Amino acid sequence: MLKSASKVTINTGNVLNLIDIKKKAGQNVTEELSESIKLTLSEWGNKNGYPVQNGTAHADSSQASDYMVVSTSKNTKEALVNITRPHDDVHNKMAEEERKNLKIGVKIFINEDSTTALTECMENVFTALHTEHIENVILAYNPDVPTRVEARDENTKSTFTKASPISLGSNVGRVSSTEIEADSEADARKCEAILPGIKVLWAVLEDYVKDGRVQQLGVADVGGGCLRKLHAWARVKPTIAQINLASCCVVPPSLHAFCKANDVQLLTHADPPDLLSLAALKTLSDAGIGCNNLDWCARYQVHIKCRGVLALKGYVCKATLQNKNK
């Protein structure tokens, strides 16, 4: 069935209740997402009589799936498969606490400045969580990430998946004004390349804030100069900035100073910039389905405010398939 589809959305549901995920403590972000997608495909296939083997969902010709939705556009007819885990407990977990006692954080990974794709991603998250509003959304836009995955050190694993704050202490005051204003040359070039796309996507997220569906916005992996430009341009100012652990042994002075001066929370993360391509290669491509890159992916985390407990965590992803038999 998957080999006859043009597009597929995959909602892993609450991965905290997946025994296979729990057993593999120490997984990095890519491994967690990849394993979650594989388990979701497997559960969905078994539930609907389409056991997924080598990328093909096998079924009797008399069977029909409730998950197949066919939509027609002007130029093409696309078969969209929506896949969810049949035994997911997101709805039950969300109902265990009053909504006012929950804090939902979402991080969106997207490599193209498509307003349609971002809106589709956001609406899928709202549907998955059965909620009308989200506390914060962080945008991770990486348009220059190659789809080719270079060899990596398999022994290097990061278990740091929770965003952690960086202390914005008084040492910023000892940084010279020149250092505060200046980004590295590499950061400046990156900003020039990605800022136009960030602005396109940011405008979409601002509309969600305007409509009261999102409270705070954040951005990942931009330098101080780029954050300053985004902050000056935006109607809804970023209140969260994330920096990758792999590149922040020393936090760029310009970023550190800007966040301190403008009440922006500076957090660390361990998400690889090529997460979308890595996850696609480790799941769909490995299964024999033509897909080198996920269109987008959103990770949602729900905490119980008073206790700081992580109640549930999951992913919603979208992929365009290039199936050879079509």
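Trainee: Which H9 residues do Val-29, Thr-30, Leu-33, Ser-34, Ile-37, Lys-38 and Leu-41 in H2 meet?

Mentor: This is a predicted model: local features need pLDDT of at least 70, side-chain atom pairs count only at pLDDT 80 or more, and totals for chains, interfaces and linings use all residues. Residues are numbered from 1 along each chain as its sequence is written, and side-chain values use heavy atoms, leaving out hydrogens and water. Helices are DSSP runs (H or I, at least four residues) numbered from the N terminus, and contact means heavy atoms within 4.5 Å. The H2 residues meet Leu-275, Leu-278, Ala-279, Lys-282, Thr-283 and Leu-284.

Trainee: Are H2 and H9 roughly parallel or oblique to each other?

Mentor: H2 (residues 29-47) and H9 (residues 275-285) pack at about 40°, axes 9 Å apart. Axes are lines fitted to C-alpha atoms over the stretch in contact, and angles run from 0 to 180 degrees between N-to-C directions. Under 35 degrees counts as roughly parallel, over 145 as roughly antiparallel, 65 to 115 as roughly perpendicular, the rest as oblique. Therefore H2 and H9 are oblique.

Trainee: And how are H6 and H7 set to each other?

Mentor: H6 packs against H7 (residues 224-233) at about 30°, with axes 11 Å apart. The pair is therefore roughly parallel.

Technical notes. Helices (H or I, at least four residues) and strands (E, at least two) are DSSP runs, numbered from the N terminus.
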